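Keep the model open beside you and follow each solution step by step.

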Amino acid sequence: MKNRIAWSVLLMIALAAVAVAQNAPTAKDLFASKCAMCHGPDGSAQTTMGKNLKIRDFHSADVQKQSDTDLKTAITKGKGKMPAFAGKLTGEQIDQLVGYLREIGKQK
Ligand code: HEC
């Protein structure tokens, strides 16, 4: 009986680990498919679009000093020439993207 419980707990941990592992590349994949054409694959906006539209580098303090809510609003509702992603991405996906932008901010 005890053994059974131990196995179910182990199974749950394994499933959670798989879920986390699958989550990790998702934001990256989303970024690559929906954002990279303007913001560049690494978020530094060194693309033709990025230069033409004068997009700020996601590594910059100007972007990183903004709150998660500010960044989420920019993605959800759009900002200047930035298209709104409300209806195209779920709130959860946008949260993941904000998390991804923070990771970009930590890389130099
Ligand atoms: C058509 C090109 C384009 C695409 C696609 C695009 N963006 Fe943008 N994005 C912009 C532009 C232009 C700005 C600058 C807006 C401004 O400050 O006027 C911007 C600004 C932002 C900002 C605010 C940063 C700042 O400078 O304050 C965030 C956050 C952002 N984009 C995230 C994303 C994410 C995440 C995606 C993909 C889901 C995405 N963008 C897709 C063009 C784009």
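**Exercise 1.** Find which atoms lie 2.7 Å apart between the ligand and the side chain of K79.

*Solution.* Step 1: an oxygen atom of the ligand is 2.7 Å from an N or O atom in the side chain of K79. Step 3: now look at Q66, where a side-chain N or O atom is 2.8 Å from a ligand oxygen. Step 4: in the side chain of H39, an N or O atom is 2.8 Å from a nitrogen atom of the ligand.

A word on the source: this is a predicted model, in which local features need pLDDT of at least 70 and side-chain atom pairs count only at pLDDT 80 or more, while totals for chains, interfaces and linings use all residues. Residues are numbered from 1 along each chain as its sequence is written, and side-chain values use heavy atoms, with hydrogens and water left out.

**Exercise 2.** Work out which residues coordinate the iron atom of the ligand, and name the arrangement.

*Solution.* Step 1: H39 (NE2) and M82 (SD) coordinate the iron at 2.0 Å; donors are N, O and S atoms within 2.8 Å of the metal (3.2 Å for Na, K and Ca). Step 2: the six donor atoms subtend angles of 87 to 179°, so the arrangement is octahedral (opposite donors over 155 degrees apart, all others between 65 and 115).

Terms used
Polar contact = N/O pair within 3.5 Å; in protein donor to acceptor, adjacent residues only side chain to side chain. Tetrahedral: all angles 85-135°; square planar, octahedral: opposite > 155°, others 65-115°.
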